[in-house]
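Thanks for coming. I will go through one structure today, starting with its charged pairs and ending with a sheet. Please have a look at it first.

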Amino acid sequence: MASGTPSSPQLQQIVALLQSGNPSGSLSLIDEMRHRDVSLPPQADWVEARAASMVADRPREQSALLRILERDRRDIPAMLAMGQLKAATGDVRSAASWYRAALNQASNSQVPQALHAGLAHAQSFCEQSQRRLAEEFAAALDGTGVGVGGSPALRHAIDLLYGRSEIFLQQPSMFYYPGLPQRCFYERQEFDWVAGLEAQAEALRDEFLALLERSDQPFAPYIRRGADRPASSSALLENENWGAAYLWQGGQPTELSRHCPQTMAALADAPLPHVEGRSPMALYSRLKPGTHITAHHGLLNTRLICHLPLIAPEGCALRCGHETRSWHFGKMLIFDDSVEHEAWNRGSSDRTILLFEIWRPEIPEDDRHQLATLFAAIDQIDPERGKEQE
């Protein structure tokens with residue numbers, strides 16, 4: 001056979017030595033063929049990498065794997081092998097970077113079943129590496145005061161660095177307005193109208209309790225079946241454990257609102273959106289004990305949701321993104337419901353809040369008017385599209 005011609009039989013000889021438990025012989029044969037200027041097929045690099053790994057020749061193994069990756073930088077098995085190699089040499093951070101590259105590539109492509117175990121190991125290694133790295137960061141920052149007394153944003157950034165939290169972004173199900181801050185909660189003190197509304201909390205609660213005495217059942221299930229549309233998959237569909245009693249619905253005051261004049265007057269001070277057929281929207285939201293509203297996203301990121309707790313027993317809370325807050329009587333919670341959120345009542349009695357929506361403060365007044373026109377047009381074209389599902 002002429003020198004420099006790829007030879008399948010020659011590759012078979014190399015593989016046979018490896019499979020017989022003679023990785024050193026396999027490597028020697030590769031060296032001999034290269035010395036004779038025999039051009040080996042690309043598969044020989046995999047054999048060389050495996051044989052070098054078996055004799056713990058890490059530099060040679062790495063060279064073989066890098067040749068494979070030079071031909072195809074998206075080669076998942078080679079990335080996994082590089083991660084394993086770096087882990088064996090104690091280079092944890094380099095190993096994690098190779099494993100993450102393999103996992104990222106796998107998330108964008110179909111991978112054979114044979115790789116699933118390796119990818120699972122890579123995922124576990126990266127998680128353990130992140131925890132170790134967090135411990136190193138914590139030890140390095142111990143006593144420096146970094147993060148102590150810092151803003152919520154700084155504390156969240158440090159939690160992300162430590163791997164104790166994750167990034168939650170706006171993902172509205174119907175309409176996305178670009179460029180708005182990615183914030184889960186807004187603080188009550190940021191809105192000049194909140195203090196006045198909170199000051200009326202006792203009177204608003206009494207008005208709600210009087211409504212309960214006047215009406216046998218003002219609440220209906222929050223999640224209802226839509227006409228001519230697939231039903232929500234929520235376990236709370238047509239379930240009164242999550243109840244709604246509307247004061248404003250579809251942009252119009254309801255019959256119920258006539259019995260709540262002080263609440264309606266208090267809501268007038270908030271920057272409620274006015275969209276034909278849609279807003280204002282305001283209701284009493286009741287969550288019975290043992291009820292869990294599972295994680296979901298709202299329709300729009302152009303609004304914020306406001307909760308004024310009227311009856312707030314222990315064991316009730318709302319998670320929005322990375323942060324969980326409890327309700328406290330008369331203290332407003334304001335959050336972006338286009339970020340993943342969930343709520344629960346683990347107490348022993350009902351939780352009831354006054355719920356309404358307001359414009360995002362960052363949206364210019366002119367855009368608010370145009371958005372109101374746009375949303376009204378959407379509702380006219382497809383009335384079911386913009387309905388709240390959960």
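Start with Asp31, which is partly exposed, at a relative accessible area of 37%. On that scale, buried means under 20% relative accessible area, exposed means over 50%, and partly exposed is in between, with a 1.4 Å probe and protein chains only. Before going on: this is a predicted model, where local features need pLDDT of at least 70 and side-chain atom pairs count only at pLDDT 80 or more, while totals for chains, interfaces and linings use all residues. Residues are numbered from 1 along each chain as its sequence is written, and side-chain values use heavy atoms, with hydrogens and water left out.

Which residue meets the side chain of Asp31 in a salt bridge? It is Arg60, at 2.7 Å from N to O. A salt bridge here is a side-chain nitrogen of Lys or Arg within 4 Å of a carboxyl oxygen of Asp or Glu. The pair links distant parts of the chain, 29 residues apart: Asp31 sits in helix α2 (residues 23-35) and Arg60 in helix α4 (residues 58-71). Helices (H or I, at least four residues) and strands (E, at least two) are DSSP runs, numbered from the N terminus. Arg60 counts as buried, at 16% relative accessibility.

How many salt bridges does a search of the whole structure find? The count is 24. One of them joins Arg183 and Glu190, with the closest N and O atoms 2.8 Å apart. Both ends are partly exposed: Arg183 has a relative accessible area of 28%, and Glu190 has 41%.

Now a pair with a different setting. The side chains of Arg360 and Asp336 form a salt bridge at 3.0 Å, N to O. Arg360 is in the loop between β12 (351-359) and α12 (365-381), and Asp336 is in the loop between β10 (333-335) and β11 (341-345), so this bridge ties together parts 24 residues apart in sequence. Are the two ends buried or exposed? Arg360 is buried, with a relative accessible area of 0%, and Asp336 is buried too, at 0%. Elsewhere, salt bridges with shared partners join Asp31, Arg34, Asp45, Glu48, Arg60, Arg67 and Arg71 into one network.

Next, the backbone. The peptide bond from Ser279 to Pro280 is cis, with omega near 10 degrees. Pro280 is in the loop between α11 (261-267) and β5 (282-287).

Two residues have a positive phi although neither is a glycine. Asp37 has a phi of about 65 degrees; it is in the loop between α2 and α3 (43-54) and is exposed, at 55% relative accessible area. Glu238 has a phi of about 55 degrees. Glu238 is in the loop between β2 (220-221) and β3 (242-249), and it counts as partly exposed at 33%.

Last, the sheet. Its 4 strands form an open sheet in the order β6-β11-β8-β9, with antiparallel pairing. Two strands pair if DSSP finds at least two bridges between them. β6 and β11 pair over 3 bridges in the antiparallel sense, and Ile293 stands opposite Ala343 in β11.
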